[in-house]
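Here is a short report on selected local features of one structure. Please read it alongside the sequence and the coordinates.

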Amino acid sequence: MTNTRTPIQHGERRCYLRGCRRDECAEANRRYCKRYRTTVYVSGPRRIDNLQPYTSIVARYLNHGWSYAQIANLAGCCETVPFNLHKGISKRINQKTAEQLATLPTTPPPVPGHGFVDPTGTVRRGQALYRIGHTLRGMAPELDIDPDSLSRTLNRPAAYVYGSTAAAMTDLYNRWQNTPGPSTANRNRAEARGWPDPTWWEDMGHIDDPTFDPRTVVERPMNRLELAAYRRDEIDRLNDYRIPDHEIADRLGMGITTVRSIIAELESGQRRDRKQAA
């Protein structure tokens, strides 16, 4: 399987989680924290232990000729998710990813690249690349279409796009989303039109979801309960990566005793009753 994950760069939350404290990395982390309530506090726990339903979904699509990359593209997740599920590597999966897999059609449709597909993800990925300065003339040859056709796709989306175009745009987006383009004018035009950039979509998700309207997103600071849920989930994730206790505490601005207590709860599966402990 080809690894398409891009290297970590400044300006990404991944860089912040590696310990970088540059302004652009801290800003990426701040955006993630502000949006965290929409995926954790409102939607519930982010990780699911019962993988059997999702393993079956992946197996069904593989049996119909789909590749891991095509399943991931349809579900709006990383290619490693269906691969790890099918190979039995995953122990838990993200709640949002589970929901995306669960919404896949029960009967797998024809393999992508044939016929027409929903244009939502194609349009949003093209607009996001335009937002960071990439040009129509630069993108169009990568998609095997002319710049005028790409302009119509981004500005006046049709009901469908060719499956081959959608697949090519996804591949292009994965390769270019962390590399700014040369056009400042394009950045300004896209900003004026309200086109989110790749970092925004990475934080928010739903790039392929036609029912999700980015214009309805209203950001607000997390309240106390939301912040507690966010920190607990971050401790769980960082501990999975074997980050030392003291470093987790430093990254999250918490006391090391509290961090160790939460890790013990997570590992034992028994959450302490804080009302009785108070």
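His134 touches Leu129, Met139, Trp176, Thr179, Pro180, Gly181, Pro182 and Asn186, leaving out residues up to four places away in sequence. Contact here means heavy atoms within 4.5 Å. The model is predicted, so to speak of local features takes pLDDT of at least 70, side-chain atom pairs count only at pLDDT 80 or more, and totals for chains, interfaces and linings use all residues. Residues are numbered from 1 along each chain as its sequence is written, and side-chain values use heavy atoms, without hydrogens and water.

His134 sits in the loop between helix H7 (120-131) and H8. Helices are DSSP runs of H or I with at least four residues, numbered from the N terminus. A polar atom of the His134 side chain lies 2.6 Å from the backbone oxygen of Thr179.

**Helix packing**

The axes of H8 (residues 136-143) and H10 (residues 163-176) come within 9 Å and cross at roughly 125°. That makes H8 oblique to H10. Axes are lines fitted to C-alpha atoms, for helices over the stretch in contact, with angles from 0 to 180 degrees between N-to-C directions. H8 supplies Gly138, Met139, Glu142 and Leu143 to the contact; H10 supplies Ala168, Met169, Leu172, Arg175 and Trp176. These residues divide into six nonpolar, one polar and two charged. Asp, Glu, Lys and Arg count as charged, and Gly counts as polar.

**Asn29**

Asn29 belongs to helix H2 (residues 23-35). Its side chain makes a polar contact with the side chain of Arg13 at 3.1 Å. A polar contact is a pair of N or O atoms within 3.5 Å; within protein, one must be able to donate a hydrogen and the other to accept it. Beyond neighbours within four places in sequence, Asn29 is in contact with Arg13, Tyr16, Leu17 and Tyr230.

**Positive phi and accessibility**

Asp144 is not a glycine, yet has a positive phi of about 60°. Asp144 lies in the loop between H8 and helix H9 (147-155). His206, also not a glycine, has a positive phi of about 70°. His206 is placed in the loop between helix H12 (198-204) and helix H13 (224-240).

Buried means under 20% relative accessible area, exposed over 50%, and partly exposed in between (1.4 Å probe, protein chains only).

| Residue | Relative accessibility | Class |
|---|---|---|
| Asn29 | 7% | buried |
| His134 | 8% | buried |
| His206 | 28% | partly exposed |
| Asp144 | 69% | exposed |

How values were computed: Helices (H or I, at least four residues) and strands (E, at least two) are DSSP runs, numbered from the N terminus. Angles under 35 degrees count as roughly parallel, over 145 as roughly antiparallel, 65 to 115 as roughly perpendicular and the rest as oblique.
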